[in-house]
Amino acid sequence: MRKLLTTTAIAAVALMALSGCSTRTDSSGGGDASAAAGFAADSLIGVALPSKTSENWVLAGGLFEDGLKEAGFKGDVQYAGASTTVKDQQDQISAMVTKGAKVIIIGAADGGQLGTQVKAAHDAGAIVIAYDRLILNTADLDYYVAYDNFNVGELQGQALLDGLAAKKPAGPYNIELFSGSSDDANSAVFFNGAMSVLQPKIDDGTLVVGSGQTDIKQTATAGWKAENAQSRMDALLTSTYGDKTVDGVLSPNDTLARAVITSVKAAGKDIPVVTGQDSEAESVKSIMAGEQYSTINKDTRVLVAQAIDMVKVLQKGDTPEVNDTKSYDNGKKVVPAFLLPPVIVTKDNAGEAYANDPKLSPLTK
Amino acid sequence: MSADTSPRGGLRDLKKIFGGGSSNVRQFGILFSLIAIIVLFQVLTNGLTLSSGNLINLVSQYSYILILAIGMVMVIIAGHIDLSVGSVAAFAGIVVATAMQDWNLPWPLAILLGLFVGVLIGAWQGFWVAYIGVPAFIVTLAGMLIFRGGNQVIGNANTVPVPDGFTVIGSGYLPEVGPFTGYNNLTLLLGLVIAVAVILMEWRARRVQKIMGSTPAPLWVSVLKVVLLVAVVIYATVLFAGGREGTSFPVSGIILGVLVLFYAFITRNTIFGRHVYAVGGNKLAAELSGVKSRRVNFLVMMNMSILASLAGMIFVARSVASGPQDGLSWELDAIAAVFIGGAAVSGGIGTVTGSIVGGLVMAVLNNGLQLLGVGADLVQIIKGLVLLIAVGVDVWNKSQGRPSLIGFLTRKSKTSEFPPEPPAVVPTSGTPETARPSDVSS
C-alpha cells in the first residue's frame, strides 16, 4: 500500500513535468492578426458583469446568454461576487483571456480598476467592449456601448419644462434641483445635460431655484440613497417653502423622485412636477397614478442586442458602426462609442413605451 | 521488501521542503492536495491550467494575498488574529495613490511612503495589543473600521488612478533583455538560479547530516528528489518564460518569492522566529524563559501591517487605480490560506511555506473554477467548504488520534518522522501506530 501511494505521488509529479513539455508550443498568445480578419463563428465571447445585486444586471446577463447562443457563439457570462466585485471581475476577465475569448464585453464594477486586464485582453488579440459603464485610463479599450447619458439629462430638463407648462400656463416657476452620488461619473453627465436645458430658463427668470442651490456639490445625493434625498427635501421645504409652493423638482432617477414625493406629501403640500429615470416599477405606477411626472426608459434588451450586433460585425472582420467618436475620453484615449437614444416616458406615452416589456406593460393598462 | 524503505524515505525527504514540527504530515498532505488539484484542473480545462498565460495570471492575481498570508501566519502562530489587513491595504493604497496624484510624489518614494504608513499603523495596533493588552481580535476589528473609513475620507469614496511607473510592482514583468531565444531570458536565468540552489541545498543538507552523525537517506533518494524538483523548476521556468511576448515572470511574484525566503528563514532560523512560536505555544512558559513577549507581539502585529501595506500597493498597481472597494474580505482569504496550510487556531503551530501552499490551493481552486466558467456565487460556496473540510478533518483527526484523509494516505511515512530511530528500524508492514487506540479498533 505504502509503496503504491509513494509511486503514485512521484508519478503524478513526473506526469505533470511530461505533460508540460507537450503543451509548451500552444501556450504563446494569438497575436493581433485575428482582430483584423474576424474570427470563427462559434468563438468564445466573454461577458463580465458586476454583482447580481441589481435587477438590471441579472436581466442583462440572461439576455446576453440567450442572445449569444442564438447568434451561434459560445457565451461565457460571469457575475462578480457581491463583496469582492473588483477582484472577481479582474480574475474573471483574465480567465476569459486564457480561454481564448475573441470579444470581451465588460460591465465594469469600477471602471477605473480594470486597465491591466483590458491590456492583457487586447494584447492577446481579444476585442474589448465597455458595456453601459466606460472603462477609464486604458488605451486598449476598443468600443463603448451605452445609452446617451447627456441626452438623458437633456430629456429630464425638457420634461420638467413641459410638465411645468402643462401645470401652469406662465412662470415664474419655483423649482429645486437634485443630482446623483458624487462618486458616480454619470451623475455629473445627467446633471450637466439637464442644466444645458434649464440654465437659460433660470437666467431669463422663467425658473427660480428657491433655495439658490444650483451647484452640483450642493444638490448631490450621497450614495444615490433615497433617505438622503428625502431629508434634503424636508430641509428645503422647511427653509424655503413655508409660504411658497414648489412647482417642479429635477430628480436624476426614480428612487430619488419617489423620495422627493414622499417628503412633499408628508409636508402636506401639492406634489410638484418630478422627473425620474430607470423605469422602476414603483415609479411607473406612480406616473400612472398622476404623481411622478416622467421617467426615462433605457431598455436593457435594446442595449444588449446592440452589443451582440457589434460582436456579429466584428466576427465578420468588419468595423462596427459607432455614432460618437469624440465625447468619451477615458483619460488615455477617446473611445469610439455607440450611443442609444433614451426615451422619455410620461403618462401619455407609457402604454406605447412599455408595450414590449412583459413586467411594466400591465402596469400601464 | 528491502526496497520498501527507500520511497518512504523519499517521501520523508520531500516533506522536508517544509520546516520541522508536528504539523509536518498535515502540510505534506496539503502539498499533495495541491498537486492533485492542479492535475484535476489541468485535465478538466484541457491543459489551460498549466498554460503560460494562466500561470502568469495566477501569480499576479494571488501574490498579494500570499504576501498577506506570510504576515498572517506569524500573527496566528503568536496566538493572535488580524482582521484589519484588507482595510490597512486599502488605506495605504489610497494614501500612496493620492500622494502621487496630488503632490506628484515620484513612485519609488511613494512606495517608501506606503511602507511607512504600514509601520505607523502597525505600531498603533501593536501598541494596543502588546502594551495595553486589548485582544488583537478587538484591536484589528476596530482597525478594520478605522482604516476603511480612512480610505473613504482620503479618497472621497472615489477611484484614484496611479501613474504608469508605479504599476510595475503589480502588473510588471521581468524585462526582455539579451539575444532572442524564443523565451524571456531573465526568467530562464531565474529558473537556472533556483535549480542550482535546489541542488546545492540538497548537497549541503547531506553534508550537514553526515557531520552531525545522522544517517542520510540513500543517495538515490536524494538524487530522485533533486531530479524531481529540478524538473518542476525547469517545467515552470519554460512556461513562465514562454508566455506571450512582453509577459514573463511577474514582478509581484519576485517580491513574493523574496519575502517567502526571508520570512521562512526568520521564523525557522532566528531567535526572534523561535520566540514567536514560544509566545504562541505557551506565553507564560515563554516569559519565564526570558522571552520578551510584549516585544514579540508588538513586532508581529507591526510586521503584519507593513506587509498589508505592501499588498495593498501591489493590488493598486495591478488595478492601475486605488478604489474604495480595495481589500474587501482579503483578511478572510489570508486567514483561510494560513489554516489550510496547517496552522493551529490556538497558536504556536504553522509555517510560512505551509501557508503559501495553503494559499496556492485556494488560488488554483479559484482560478480553475473560473476557467471552467463556474459563477462567483458557487466558487464562494466551494471555497468555504474546502476550508471547513481541510481544517475539520485535521481537528477531527487530532481528537480521534488518527490521521486525516490525506494523513491516512501518507500515514505510513509519518511513522518514520516520530520515532528518533533511523528509518530502517521502522517496521515495514502492519500497524506501526499500535499505540493509538483507534488503529487497534480499525
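This is a predicted model: local features need pLDDT of at least 70, side-chain atom pairs count only at pLDDT 80 or more; totals for chains, interfaces and linings use all residues.
Local features require pLDDT of at least 70 and side-chain atom pairs count only at pLDDT 80 or more, whereas totals for chains, interfaces and linings use all residues. Residues are numbered from 1 along each chain as its sequence is written, chains are lettered from A in the order in which they are written, and side-chain values use heavy atoms, without hydrogens and water.

Over all chains, 13 aromatic pairs were counted, a pair being rings of Phe, Tyr or Trp (its six-membered ring) with centres within 6.5 Å. In chain B, F262(B) and Y263(B) form one such pair, with 5.1 Å between centres and 85° between planes; this geometry is edge-to-face (planes over 60 degrees apart; under 30 is stacked and the rest tilted). F262(B) is partly exposed at a relative accessible area of 45%, while Y263(B) is buried at 9% (buried, under 20%; exposed, over 50%; partly exposed, in between; 1.4 Å probe, protein chains only). In chain A, a cluster of W57(A), F64(A) and Y131(A) is linked by ring pairs.

Charges also sit over rings (NZ of Lys or CZ of Arg within 6 Å of the ring centre and within 35 degrees of the ring normal). The charged end of K87(A) is placed over the ring of Y62(B), 4.4 Å from its centre. R232(A) lies over the face of F178(A), with 4.5 Å to the ring centre.

T346(A) belongs to strand β12, residues 343-346 of chain A (strands are DSSP runs of E, at least two residues, numbered from the N terminus). T346(A) is buried, with a relative accessible area of 14%. Beyond residues up to four places away in sequence, T346(A) contacts I287(A), Y293(A) and S294(A) (heavy atoms within 4.5 Å).

Terms used: Helices (H or I, at least four residues) and strands (E, at least two) are DSSP runs, numbered from the N terminus.
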